[in-house]
Amino acid sequence: YALSNKEERLSSLLKRAGGMTKSAYADGVQLIRKISAKEMEMNLLKLEVAKNAADSLEIQNAMDRSTYTIGIDIKKVMEKPGCASDIVLQEGDSIYVPQLNNVVKISGEVMFPNTVAFDEGRSASYYINQAGGVSRTGKRSLGYVVYPNGNVSKIRKGKILPGCEIVIPSKPEKTMDPQRTSMWLAIASTLATISAVISSALK
């Protein structure tokens, strides 16, 4: 579809397309947008001022992609056209309306990454257990849920829906504070000196 005007919104285009069918999965609707030249410039700028290697890698990965997904609440959009969630479309935008995907994927640091049938009312713990539980290298408190529409939520706050993915990240690597390390080395050196002095005095 060609945009009817520069202010055309998501609700308008869906209406022109005849709306969603009965088999459409509203919670899985995605808006996929191309990365603009301006956004690429901003990524380059962020890459130049990145504080550490992890930040640089994340930005570089984003630059390698030509598109990104915008999380939308299509139910709110259709109920209240013109609301904040009813995004103004841009040239090259794609709208994907899937059928119901009645499974939940569990990935990351679990004993057996798995995909299981969605069971209404079950918590994240139930699905994690279906993957054998969290592994020794996993950090459950950092876990998050990726929804079919592109939204992401922490496990403890997110409701489990059909088609979503539960991800358990690895435990953060422990890094020693340089100042604290220097302090303990200084203390150890002082204690060693005192011990040597006491030892010499007792001889």
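A salt bridge is a side-chain nitrogen of Lys or Arg within 4 Å of a carboxyl oxygen of Asp or Glu. Side chains of opposite charge can pair when their charged atoms come close. The model shown here is predicted. A search of the whole structure finds 4 salt bridges. The views below show some of them, including the pair Lys-75 and Asp-27.

**View 1. Lys-75 pairs with Asp-27 in a salt bridge.** The closest N and O atoms of the two residues are 3.6 Å apart. That counts as a salt bridge because the cut-off is 4 Å. Lys-75 sits in helix α4, which covers residues 74-79. Asp-27 belongs to the loop between α1 (10-16) and β1 (30-34). The pair therefore ties together parts that are 48 residues apart in sequence. Lys-75 is partly exposed, at 43% relative accessible area. Asp-27 is also partly exposed, with a value of 23%.

**View 2. Glu-8 meets Arg-16 in a salt bridge.** Their side chains come to 3.0 Å, N to O. Is Glu-8 buried or exposed? Glu-8 is buried, with a relative accessible area of 3%. Arg-16 counts as partly exposed, at 37% relative accessibility.

**View 3. Arg-122 and Asp-119 form a salt bridge.** The N to O distance between these side chains is 3.2 Å. Arg-122 has 40% relative accessibility and counts as partly exposed. Asp-119 is partly exposed too, with a relative accessibility of 30%.

Note on methods. Residues numbered from 1 in each chain as written. Predicted model: local features only at pLDDT ≥ 70, side-chain atom pairs only at ≥ 80, totals over all residues. Heavy atoms only, no water. Buried < 20%, exposed > 50% of the residue type's maximum accessible area, 1.4 Å probe, protein only. Helix = DSSP H or I, 4+ residues; strand = E, 2+ residues; numbered from the N terminus.
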